[in-house]
Amino acid sequence: MSDEQWYYDIATGQAQQGKVTNWDNRMGPYATRGEAEAALAKAKARNEAWEAQDD
């Protein structure tokens, strides 16, 4: 993957272009900055949907 991809940095709470941080603090890759900024909300929604399926 190229460094043009976007990632969400869990430690700073910000979207960054390229693999700037360690893999354990990084979510992604995402095609756009907006997708990277929405990473936590998307993960939360997926987790809630999976939990609902388990019930």
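The model is predicted: local features need pLDDT of at least 70 and side-chain atom pairs count only at pLDDT 80 or more, while totals for chains, interfaces and linings use all residues. Residues are numbered from 1 along each chain as its sequence is written, and side-chain values use heavy atoms, with hydrogens and water left out. Helices (H or I, at least four residues) and strands (E, at least two) are DSSP runs, numbered from the N terminus.

**Sheet**

- Three strands form an open, antiparallel sheet in the order S2-S1-S3; two strands pair if DSSP finds at least two bridges between them.
- S2 and S3 are the edge strands, each with a single partner, so one side of each has no neighbour in the sheet.
- On average, neighbouring strands are turned by 30 degrees against each other, direction ignored; axes are lines fitted to C-alpha atoms, for helices over the stretch in contact, and angles run from 0 to 180 degrees between N-to-C directions.
- S1 and S2 run antiparallel and are joined by four bridges, and Asp-9 stands opposite Gln-14 in S2.
- Helix H2 packs on the sheet and touches S1 and S3, its direction making about 100 degrees with that of S3; contact means heavy atoms within 4.5 Å.

**Nonpolar core**

- The largest nonpolar core has seven residues: Trp-6, Tyr-8, Ala-15, Met-27, Tyr-30, Ala-36 and Ala-39.
- Strand S1 (6-9) and S3 each supply at least two residues of this core.
- Such a core is a set of buried Ala, Val, Leu, Ile, Met, Phe, Trp, Tyr and Cys residues joined through side-chain atoms within 4.5 Å.
- Beyond its neighbours within four places in sequence, Tyr-30 contacts several residues, including Trp-6, Tyr-8, Ala-36 and Ala-39.

**Salt bridges**

- There are two salt bridges, each a side-chain nitrogen of Lys or Arg within 4 Å of a carboxyl oxygen of Asp or Glu.
- Arg-33 and Glu-37 form a salt bridge at 3.0 Å, N to O, and both lie in helix H1 (residues 33-37), four residues apart.
- Lys-44 and Glu-48 form a salt bridge, with their closest N and O atoms 4.0 Å apart; both lie in helix H2 (residues 39-54).
- Lys-44 is exposed at 52% relative accessibility, whereas Glu-48 is partly exposed at 45%.

**Loop residue Thr-21**

- Thr-21 lies in the loop between strand S2 (14-17) and strand S3 (26-30).
- Thr-21 is buried because its relative accessible area is 18%; buried means under 20%, exposed over 50% and partly exposed in between (1.4 Å probe, protein chains only).
- Leaving aside neighbours within four places in sequence, Thr-21 contacts Asp-9, Gln-16 and Arg-26.
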